[in-house]
Amino acid sequence: MADEVQIDSEALNLTLNETAGAINGTKIPATPEGMAVAYSSLVIMAIVPIFFGSFRSVKFHKEQKENGEKPEVMSDKDAAMFPIIASCTLFGIYVVFQIFSKEYINILLTVYFFFLGVLSLAHIAGPYVRQLIPGLVPNEDYHLLLTSGEADKKEEMMNYKFDHKDLINLALCGVFGGWYLWEKHWVANNVFGLAFSLNGIEFLQLNTVMTGCILLSGLFIYDIFWVFGTNVMVTVARNFEAPIKLVFPQDLLENGLEANNFAMLGLGDIVIPGIFIALLLRYDISKKSSHTYFYTGFVAYLLGLLMTIGVMHFFKHAQPALLYLVPACIGLPLLVALVKGEVKQLFLYQDSPEDGATKKDKEGDQKEQVAGEPVPEEAKKSK
């Protein structure tokens, strides 16, 4: 997830640099119509994975509960540390680009993201490909199990079940990935980017609204510092060639699919607010009421993104997207909660209440034991 955050709002604003290249005859200046098409397409590509990824997160969370799996959620401490870790990673990549040739680095990144992209796309496309495969195709189930240790100390490292249809799906996605490797076409880049965004919003889970507020607030400061305070993010965004951003050509109307004057939006500006909006949807569903907070957060994201584009275009200067997205995505849902008198209820919500209840029980037991009053077995059972 740190990789996604590193190329966030600055990627959206590299349009100015791309258009400036037209002075040297390398690119065609963007027309108002071309910019409108490009930015509209980026907005649509940003909100689609947030909308569908949020509902996929609900399904994934429900399946985890049904299977008795313990969800891996981000704690408040993790959320507070994440911007620091992301900053260190971003600066580390910047230093690497200063020391080594970017061509060799991008070769390694391309291979790495090829495998990630194929697996992400296979996860998204799997159910649809299975429906298209005729029933006459012979099928057989396989079970890949990898463990370490012996006897009682044996630990499961991999447990994967698949069949012939899954292998066909993986092969098709591999062919698509091969096209990306060979051509580096912007369409292939966007397909992988959308797959990353959908999977990120589906699988990355925040447990509480407070955790989400801490994460977004930290990245709010992170984004402003690295965009306005240094040239680190600009340098990394220019040199980092990987499907961690969505792109759309501003000269599409003139050059078609061969256009190369791109407007860009980093996946971090989609996934980070997206996991918070997905949490709001799960909160709505837990109340068994209308999706008020989800749609509020969704509209807030859309308004924040439009404001980012508008301010960038008006001032013709790079703008950190989270500068506008974070206040919108946090402020508007909280305002709705304040009007409805549900602020406390919203912040008390937990995706995994068992963990919180267990922690409180342990703390209560420790307090009673310190006070010199052992906890009776009946009381423990009643808890």
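## Overall build

The protein chain has 17 helices and six strands. Both are DSSP runs numbered from the N terminus: helices are H or I with at least four residues, strands are E with at least two. This is a predicted model, in which local features need pLDDT of at least 70 and side-chain atom pairs count only at pLDDT 80 or more, while totals for chains, interfaces and linings use all residues. Residues are numbered from 1 along each chain as its sequence is written, and side-chain values use heavy atoms, without hydrogens and water.

## Burial and contacts

The chain has 383 residues, and 46% of them count as buried. Buried means under 20% relative accessible area, exposed over 50%, and partly exposed in between (1.4 Å probe, protein chains only). Accessible surface totals about 20,000 Å². Carbon and sulfur atoms supply 64% of that surface.

Take the contacts with a separation of 6 or more: 78% of them link residues 24 or more positions apart. A contact means heavy atoms within 4.5 Å.

## Cysteines

A disulfide is a covalent bond between the sulfur atoms of two cysteines. The structure holds zero disulfides, counted as pairs of cysteine sulfur atoms within 2.5 Å. Cys-213 is buried, at 11% relative accessible area. Cys-329 is also buried, at 1%.

## A nonpolar surface patch

Phe-91, Val-95, Val-96, Ile-99 and Phe-100 make up a nonpolar surface patch. Phe-100 sits in the loop between α5 (76–99) and α6 (102–132). Phe-100 is exposed, with 52% relative accessible area.

Patch members need over 30% relative accessible area and no salt bridge; nonpolar side chains (Val, Leu, Ile, Met, Phe, Trp, Tyr) are joined within 5 Å, like charges within 9 Å. A salt bridge puts a side-chain nitrogen of Lys or Arg within 4 Å of a carboxyl oxygen of Asp or Glu. Accessible areas come from the Shrake-Rupley method with a 1.4 Å probe; for residues, only the protein chains shown count as cover.
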